[in-house]
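Student: Could you help me learn to read a protein model?
Tutor: Gladly! Let us look together.

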Amino acid sequence: NEDGSIGSYNDLKEYGKLPNGLIMAGKIKEANQVLNFVLDRFYDPSTGDFETAPGFKSCAAPFCVFYPYCNQWLLQAGLKLRRFDFVFKAAEFNDKFYNKKTGAQTINKPYDENGSNINCIFNSAALGTTYLYLNELKKAKHIADTTVKMIDLQPDWNNAELGYPYYLRFDDNYKFIKYIE
């Protein structure tokens, strides 16, 4: 639509990656239109967060579990489009999920210095990419080193009896979380 919306879609899940897809397709005007709609509909300029509604990330469970993931895609699109109207505040919010101890990203709550964090390789890869765009090279390298470390530590990914599991989550002591609460 002219306002950047897609039909009657009204959940953040439908818009998180779309601006980047449009940018990659060379559709810069449309990417900006969608980003304008996202900023008007889902962005809280006081916090730098994106939510479908205040206190509600999305009806898609993965975006609630991996809370800052969608934000990273929108932040990356904003940086590519030089949208300085929101990227600094959005980056400040995103940085709250960076675990400076482990070099990873927490999944659904900001970093807690008391060590009760659940870190995630999946989210960390997106955060590392975002830090590259932000020229936060020290943080990006820390995340890359942790990602390689956690891939090397995978205990069961060659185990057919267990179904070749690959563990994404780990605690602040780099111990894999093999269950979901």
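Student: Is Tyr 164 buried or exposed?

Tutor: First, a word on the model. It is predicted, so local features need pLDDT of at least 70 and side-chain atom pairs count only at pLDDT 80 or more, while totals for chains, interfaces and linings use all residues. Residues are numbered from 1 along each chain as its sequence is written, and side-chain values use heavy atoms, with hydrogens and water left out. Now the terms: buried means under 20% relative accessible area, exposed over 50%, and partly exposed in between (1.4 Å probe, protein chains only). Tyr 164 is exposed, with a relative accessible area of 52%. Tyr 164 sits in the loop between H7 and S6, and its phi is near 55°, a positive value in a residue other than glycine.

Student: Where is Arg 82 placed?

Tutor: Arg 82 is in the loop between H4 and H5. Helices (H or I, at least four residues) and strands (E, at least two) are DSSP runs, numbered from the N terminus. Phi of Arg 82 is also a positive value, near 55°, and Arg 82 is exposed, at 64% relative accessible area.

Student: In what order do the four strands form the open sheet?

Tutor: The general idea is that strands of a sheet pair through backbone hydrogen bonds, either parallel or antiparallel. Two strands count as paired if DSSP finds at least two bridges between them. Here the order is S3-S4-S5-S6, and the pairing is antiparallel. Strand S3 (98–99) and S6 are the edge strands, each pairing on one side only. Two bridges join S3 to S4 (residues 104–106), and Ala 104 in S4 is the bridge partner of Asn 99.

Student: How many salt bridges does a search of the whole structure find?

Tutor: Side chains of opposite charge can pair when their charged atoms come close. A salt bridge is a side-chain nitrogen of Lys or Arg within 4 Å of a carboxyl oxygen of Asp or Glu. The search finds seven. In one of them, the side chains of Lys 139 and Asp 95 meet at 3.0 Å, N to O. Lys 139 lies in helix H7 and Asp 95 in helix H5 (residues 87–95), so this pair ties together parts that are 44 residues apart in sequence. Lys 139 counts as buried, at 19% relative accessibility, and Asp 95 as partly exposed, at 29%. Another salt bridge joins Asp 85 and Arg 83 (2.9 Å, N to O). Asp 85 is exposed, at 52%, whereas Arg 83 is buried, at 12%.

Student: Which residues have the most contacts inside the largest nonpolar core?

Tutor: In soluble globular proteins, nonpolar side chains tend to be buried together. A nonpolar core is a set of buried Ala, Val, Leu, Ile, Met, Phe, Trp, Tyr and Cys residues joined through side-chain atoms within 4.5 Å. The largest one here has 30 residues, and those with the most contacts inside it are Val 38, Phe 50, Leu 74 and Phe 86. Helix H1 (18–24), helix H2 (28–42), helix H4 (69–80) and H5 each give two or more residues to this core. H2 gives the most, with seven residues.

Student: What does Val 38 touch, not counting residues up to four places away in sequence?

Tutor: Val 38 touches Tyr 15, Tyr 43, Phe 50 and Leu 74, where contact means heavy atoms within 4.5 Å. Apart from this core lies another, of six residues, including Ile 121 and Phe 170.
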